[in-house]
Amino acid sequence: MKLEERLEAYKKSFQKQAPKEAQEIMHRATEDLRNSGILARTVKVGDMAPDFSLNNTRGQVVALSDLLDGGPVVASFYRGRW
Amino acid sequence: MEDFTSQGATLVLISPQLEEHNRIIAEEKKLTVDILSDPGNEMAARYGLKFQLPEDLQKIYMQFGIDLPAHNGDDSWTLPLPARLIIDTDGVIRYAEINADYTVRPDPEHTLAALKAIGSL
């Protein structure tokens, strides 16, 4: 099953289980976020990517500009492990 | 992951979690890519991705045992929008898949197709 299909199936099974009020709060939060116009204020194709220097898990500083010396970079922003 | 590398690209994950929590993910999932720590979502903010969870949602998270301040090391209850970006060697963003719904993750197939398209120009 493609990732999108699996996520949809997971969402559907979650929606059956989680308390209704919690689901409404989550749904409203996502809708408010969408309506806030945040998507219009993100970086866009054609923009320069802000450079970053961030720590990896081995105590090293990783800079975007250094990575780009070796080729293109796929940067994935993600919320974490929960 | 290997597919991205075969295109000559480096993949990095960026999360607001403390390094120690990122390290746990890296070990659990046996990741070969770097997870970078972005405290307080400062870099996410520069990319226009930072948002704050409303208070009623914060309470829900705590009820589900999701303690964001403990994971992220700050009280802001902010997160990055899930985003996958391809940045070329000139530092220009050539592809951006960004979603206001954090349950929707970018499909790796889309990213790979975009990478190949950029590489063939």
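Reader: What do the side chains of A:Arg58 and B:Asp34 meet in?
Author: They meet in a salt bridge, with 3.1 Å from N to O, where a salt bridge is a side-chain nitrogen of Lys or Arg within 4 Å of a carboxyl oxygen of Asp or Glu. The pair crosses between chains, running from A:Arg58 in the loop between β1 and β2 (61-63) of chain A to B:Asp34 in strand β2 of chain B; helices (H or I, at least four residues) and strands (E, at least two) are DSSP runs, numbered from the N terminus. Please keep in mind that this is a predicted model, in which local features need pLDDT of at least 70 and side-chain atom pairs count only at pLDDT 80 or more, while totals for chains, interfaces and linings use all residues, and side-chain values use heavy atoms, with hydrogens and water left out. As for the labels, residues are numbered from 1 along each chain as its sequence is written, and chains are lettered from A and ligands numbered from 1 in the order in which they are written.

Reader: And A:Arg58 itself, buried or exposed?
Author: A:Arg58 counts as exposed because its relative accessible area is 53%, whereas B:Asp34 is buried, at 16%. The cut-offs are under 20% relative accessible area for buried and over 50% for exposed, with partly exposed in between (1.4 Å probe, protein chains only).

Reader: OK, which residue does B:Glu55 form a salt bridge with?
Author: Its partner is B:Lys59, and the closest N and O atoms of the two are 3.9 Å apart. B:Glu55 and B:Lys59 are four residues apart in helix α4 (residues 55-63) of chain B, which means that about one helical turn separates them. B:Glu55 is exposed, with a relative accessible area of 58%.

Reader: And B:Asp88, what does that one pair with?
Author: B:Asp88 forms a salt bridge with B:Arg94, where the closest N and O atoms are 2.9 Å apart. B:Asp88 counts as buried, at 11% relative accessibility, while B:Arg94 is partly exposed, with a relative accessible area of 32%.

Reader: Back to the interface: how many residues of chain A are in contact with chain B?
Author: 51 residues of chain A are in contact with 72 residues of chain B, contact being heavy atoms within 4.5 Å. The area buried between the two chains is about 5,800 Å², and carbon and sulfur atoms give 66% of that area; buried area is the accessible area (1.4 Å probe) that two parts lose on being put together, summed over both.

Reader: Where does B:Arg23 lie?
Author: B:Arg23 lies in helix α2 of chain B, and a polar atom of its side chain is 2.9 Å from the backbone oxygen of A:Thr57. At 33% relative accessibility, B:Arg23 counts as partly exposed.

Reader: New topic, the backbone: what is the phi of B:Lys30?
Author: It is positive, at about 50°, although B:Lys30 is not a glycine. Most residues other than glycine have a negative phi. B:Lys30 lies in the loop between α2 (19-28) and β2 (34-37) of chain B and counts as exposed, at 69% relative accessibility. B:Trp77 also has a positive phi, of about 55°, without being a glycine; that residue lies in the loop between α5 (68-72) and β4 (78-80) of chain B and counts as buried, at 10% relative accessibility.

Reader: Last one: where in chain B is confidence lowest?
Author: Confidence is lowest in helix α1 (residues 2-6) of chain B, at a mean of 71, and highest in helix α3 (residues 42-46), at 98. These are pLDDT values, the predictor's confidence in each residue, from 0 to 100. The mean pLDDT of chain B is 90, with 97% of its residues reaching 70 or more, and the predictor gives the complex an ipTM of 0.89 and a pTM of 0.86.

Definitions and conventions:
A polar contact is a pair of N or O atoms within 3.5 Å; within protein, one must be able to donate a hydrogen and the other to accept it, and residues adjacent in sequence count only if both atoms are side-chain atoms.
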